[in-house]
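Please look over the sequence and the structure shown below. The questions that come after are meant for a reader new to both.

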Amino acid sequence: PLGNLSDCPNGSRWIMDVFNECAQDGWDVASIVLGLASIGCFIAAAFPQFYQACRTGIMDQALSIYFLLGWLGGDLLNLIGSFLADQLPLQVYTAIYYVLADLGMLSLYCYYRVKNGARAFPAPINAAFVFLSVGSLSSLSLLGSASTEDPGTFKGRSLLSAPGDELGPKPFSRTEIIGFTIGSISSVLYLCSRVPQICTNYKRKSTSGVSYCLFALVMLGNSLYGLSVLLKNPEPGQGQGDYILHHLPWLVGSLGVLALDVVISFQFLAYRGGRPGTLEERDALLGEQDES
């Protein structure tokens, strides 16, 4: 539904109509623009890896399954947590795309694992994959029905409380506490998901089969995403510090992983032009023996 400017004096009409979010000054507009730019980066990030996977055919060797599962788990919890903790609408929309892109990446990984004749996944990985996939699809359907039944759920933060005379802390509701906790776990999964990929690159002494554009665009998207949250004005009556506290897990999840992504970037530089890993060499030798 179209937004109501009565609760948002001097707000931008098109932002209210499109995003149902209050943008009263340049900082709020900049937050929206950076949020849209971050979504564009995340949308584009998956395609270079899809192309690299189709070109090399070794996606199952180049990417760590624990990296993909950790990424999906973090994105799933990020989606649920941002919805429950009343985060910005753009945060919710971006989180929905994260989950869809992760499912596509995992599907492509499984395809090349089967195509390359690799051994089946261990039972714990199979269970985690099924659990996360079912949980993702269920969450998307539930959030879709919730947004249809209660359009006010996705209203901007500035529309959810009456202006106050003094700056003060905004109390957490029980739902927000649950969402905050889930968002915190999501941030931990984001941080932990990079470690298996760093180890995989180190063991192979190669980044062949991994697209650097994936990590470069994710780094840019996370930076813009974090800035979009930081530039947004707090609710009327809410202090800047209290606003940061309410969004802290999502800021850590977006800005905190930048350090680990920088480590992966150095690995691309260190292993640039290097020999393929032992796993790829072994597969090539086995292929030559079969042909002979």
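The following questions and answers concern a predicted model.

Q: What percentage of the residues in the chain is buried?
A: A residue counts as buried when its relative accessible area is under 20%. In this chain of 292 residues, the buried part amounts to 48%.

Q: Among contacts in the chain between residues at least 6 apart in sequence, what share joins residues at least 24 apart?
A: The contacts considered here are those between residues at least 6 apart in sequence. Of these, the share that joins residues at least 24 apart is 81%.

Q: Which residues of α10 take part in the contact with α8?
A: On the side of α8, the contact involves N222, S223, Y225, G226, V229 and L230. By class, the contact of α8 with α10 comprises six nonpolar, four polar and no charged residues. The residues that α10 contributes are W250, L251, S254 and L255.

Q: Are α10 and α11 roughly parallel or roughly antiparallel?
A: Helix α10 packs with helix α11 (residues 257–270) at an angle of about 10°, and the axes are 5 Å apart. Since angles under 35 degrees count as roughly parallel, the orientation of α10 relative to α11 is roughly parallel.

Q: Which residues of α11 meet α10?
A: Helix α10 contributes V252, G253, S254 and L255 to this contact. The residues of the contact divide into five nonpolar, two polar and no charged. Those from α11 are V257, L258 and A259.

Q: How many residues apart in sequence are the parts tied together by the pair of F42 and Y98?
A: The structure holds seven aromatic pairs. One of them joins F42 and Y98 edge-to-face, with 4.8 Å centre to centre and 80° between the planes, and both residues are buried. Because F42 lies in helix α2 (residues 26–56) and Y98 in helix α5 (residues 89–115), the pair ties together parts whose separation in sequence is 56 residues.

Q: Which residues do ring pairs link into a cluster?
A: Aromatic rings pair if their centres lie within 6.5 Å. Ring pairs of this kind form a cluster whose members are F67, W71, Y212, F215 and F268.

Q: Which residues does S228 touch, not counting those up to four places away in sequence?
A: S228 is found in helix α8 and is buried, with a relative accessible area of 5%. The C-alpha atoms of S228 and S31 are separated by 4.1 Å, although these residues are 197 residues apart along the chain. Leaving out residues up to four places away in sequence, S228 touches S31, L34 and G35.

Q: What is the phi of K205?
A: K205 lies in the loop between α7 (174–204) and α8, and K205 is partly exposed, with a relative accessible area of 40%. Most residues other than glycine have a negative phi. K205 is not a glycine, yet its phi is positive, at about 55°.

Conventions. Residues numbered from 1 in each chain as written. Predicted model: local features only at pLDDT ≥ 70, side-chain atom pairs only at ≥ 80, totals over all residues. Heavy atoms only, no water. Contact = heavy atoms within 4.5 Å. Helix = DSSP H or I, 4+ residues; strand = E, 2+ residues; numbered from the N terminus. Nonpolar A, V, L, I, M, F, W, Y, C, P; charged D, E, K, R; others polar. Phe/Tyr/Trp six-rings, centres within 6.5 Å; stacked < 30°, edge-to-face > 60°. Buried < 20%, exposed > 50% of the residue type's maximum accessible area, 1.4 Å probe, protein only. Axes fitted to C-alpha atoms, helices over the stretch in contact; angles between N-to-C directions. Parallel < 35°, antiparallel > 145°, perpendicular 65-115°, else oblique.
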